[in-house]
Amino acid sequence: MITTIDAAVIGVYGKFMALAEKHVILNEMRADLMTTTRNSSPYLKELSEHNVSAENPYISPKQFYEVILNCNDVLKNFDIMLADKKFTQDQYNQRYADIGCIRSWVYLQLGIQYGRVPYITEPIETLEDVKNISKYPRISFDELIDNLVTFTESLTYKKPYEIGSSLVTTVDGYYTPKFFINKECLLGDLELWKGDYLKAASYY
């Protein structure tokens, strides 16, 4: 069973990696570290000039929410599997914290890029739920940060995966613990955005 559980963790990271291009483009193309060339697409030029059309594929938050909804599904199923004693409390704590922190990081990026966003922490199970905008109101960036700090600080496990965990191994010469999110660094980032520099420094 633990192999199936680990596959769910790796599956979330697979979705998460698909955000890399959009994350880099949205952050750097609108800043000073990247610029367009004559070979750039019109969409990249729009971003560079801060004059974006509705058709620009980079402005859609859909990919971010795909990762978030995957996280929500996995976290809910972790709760079910723990109740069914499919894995131990320690195994649950480590994997729940990992996926929870991925979700918090993605929400942080959403807030940075889009400002006011819906904060969804439960699986969306029906199409009617998706259509019901009132069920998921947009919240301010400050409120989002408060929610992220509260949730992430509440996680009972904040260290890397323990030696001996089935997720700690070597794949093609790469030591897998380096693949997973650093929870304390994430908390440092969240506290910086919240303005609590002492807490941020303690996590870093």
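These questions and answers go through a predicted model of one protein chain.

User: Why does the radius of gyration of the protein chain agree with that of a compact globule?
Analyst: The C-alpha atoms fill a box of roughly 55 × 45 × 35 Å along the principal axes. A compact globule of 204 residues would have a radius of gyration near 17 Å, so the value for the protein chain agrees with it: 18 Å.

User: What share of the contacts in the protein chain with a separation of 6 or more joins residues 24 or more positions apart?
Analyst: A contact here means heavy atoms within 4.5 Å. Among contacts with a separation of 6 or more, the share from residues 24 or more positions apart is 66%.

User: What distance does helix α5 reach from its first C-alpha to its last?
Analyst: Helix α5 covers residues 89-114, which is 26 residues. At 1.5 Å a residue, 38 Å is expected. The helix comes close to that, with 36 Å.

User: Is α5 mostly covered or mostly uncovered, and how many of its residues are buried?
Analyst: Buried means under 20% relative accessible area. Helix α5 is mostly covered, and the number of its 26 residues that are buried is 21.

User: Which residue follows α5?
Analyst: The residue after α5 has a positive phi, near 80°. That residue is Gly115.

Terms used. Residues are numbered from 1 along each chain as its sequence is written. This is a predicted model: local features need pLDDT of at least 70, side-chain atom pairs count only at pLDDT 80 or more; totals for chains, interfaces and linings use all residues. Side-chain values use heavy atoms; hydrogens and water are left out. The radius of gyration is taken over C-alpha atoms; the globule rule is 2.2 Å times the number of residues to the power 0.38. Helices (H or I, at least four residues) and strands (E, at least two) are DSSP runs, numbered from the N terminus. The expected span of a helix is 1.5 Å times one less than its number of residues. Buried means under 20% relative accessible area, exposed over 50%, partly exposed in between (1.4 Å probe, protein chains only).
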